[in-house]
Amino acid sequence: MIRDAQTDDAVEIAALLKPYVDKKILLHRSLEEIRENAPQTVVFVEAGRILGSSSLVFFSPTLCEIRALVITEAAQGRGIGKDLVLAAEAKALRQQSARPIRFFALTYTPQFFERCGYERTTKDKFPEKIYEVCNFCLRKDDCHEIAVQKQVE
Ligand SMILES: CC(C)(COP(=O)(O)OP(=O)(O)OC[C@H]1O[C@@H](n2cnc3c(N)ncnc32)[C@H](O)[C@@H]1OP(=O)(O)O)[C@@H](O)C(=O)NCCC(=O)NCCS
């Protein structure tokens, strides 16, 4: 089942992120940040446990990042990641009436996003992200993430 996250889910979401933060695949998010972003997050729940999570961050009414997407290792390969990306997009489309919306992600797994209808692009297409976030990132001079985007009319 996919549902909107609640602030109480923050500890479980942080635990999902941790192995990938340790491997430097995902950026660290504080519990406070995860709690604050809960209204913009969707989670996949099975047998009372959160197995996956994905957040939205709007940079403008028509530019939205899919951020902190993670599926616990044991549940990968079941289509949950794709369902969460689509659920996050649907949530964004409900929130904003302006069209088209450009969704984007910075990722080490562009192949996964291509399976979700995204295409590869370059980070310079998202100056809002670079000015507001990347410039303050500790890894900004050594970032190998690949930008992907999808436009929804
Ligand atoms: C990347 C990740 C979110 C994929 O989630 P998932 O639930 O395993 O993926 P799904 O089962 O929904 O796969 C959807 C499609 O993408 C493909 N896919 C999934 N992971 C892939 C990968 N690493 N490389 C290539 N293709 C991949 C699947 O084969 C599937 O293809 P299909 O549509 O032809 O069946 C998950 O592996 C994960 O959490 N990884 C660690 C954190 C991470 O890298 N997050 C993304 C950073 S933004």
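**Group meeting talk: a walk through one predicted model**

Okay, let's start with Lys-129, which is buried at a relative accessible area of 6%. Buried here means under 20% relative accessible area, exposed means over 50%, and partly exposed is in between, using a 1.4 Å probe and protein chains only.

Two quick notes on the ground rules. This is a predicted model, where local features need pLDDT of at least 70 and side-chain atom pairs count only at pLDDT 80 or more, while totals for chains, interfaces and linings use all residues. Residues are numbered from 1 along each chain as its sequence is written, and side-chain values use heavy atoms, with hydrogens and water left out.

So where does Lys-129 sit? You'll find Lys-129 in helix α5, residues 127-132. Helices (H or I, at least four residues) and strands (E, at least two) are DSSP runs, numbered from the N terminus. Leaving aside residues up to four places away in sequence, Lys-129 touches Phe-59, Glu-65, Arg-67, Phe-104, Leu-106 and Cys-134. A contact means heavy atoms within 4.5 Å.

Next up is strand β5, residues 101-107. Six of its seven residues are buried, so β5 is largely enclosed by the rest of the structure. The chain gets from β4 to β5 through helix α3, residues 80-95, and this β-α-β crossover is right-handed. That means that, with the strands pointing away from the viewer, the path from the first strand over the helix to the second runs clockwise.

What does β5 pair with? Strand β4, residues 63-71, runs parallel to β5, and three bridges join them. Leu-63, for instance, has Arg-102 in β5 as its bridge partner. Strand β7, residues 146-152, runs antiparallel to β5, with seven bridges between them. There, Ile-101 has Val-152 in β7 as its bridge partner. Two strands pair if DSSP finds at least two bridges between them.

Now the ligand. It has 20 residues around it, and the closest are Ile-71, Gly-77, Gly-79, Gly-81 and Lys-82. Near means that one of a residue's heavy atoms lies within 4 Å. Look at the backbone here: a polar backbone atom of Gly-77 is 2.8 Å from a ligand oxygen, and one of Gly-79 is 2.7 Å from a ligand oxygen. Taken alone, the ligand exposes 910 Å², and the protein buries 73% of that.

Most residues other than glycine have a negative phi, and most peptide bonds are trans. Yet the bond joining Arg-99 and Pro-100 is cis, with omega at about -5 degrees. Pro-100 is in the loop between α3 and β5.

Then there's Ala-47, not a glycine, but with a positive phi of about 50 degrees. Ala-68 isn't a glycine either, and its phi is positive at about 55 degrees. Ala-68 lies in strand β4 and is buried, with a relative accessible area of 17%.

Technical notes: Polar contact = N/O pair within 3.5 Å; in protein donor to acceptor, adjacent residues only side chain to side chain. Areas by Shrake-Rupley, 256 points an atom, 1.4 Å probe, with all protein chains shown as cover.
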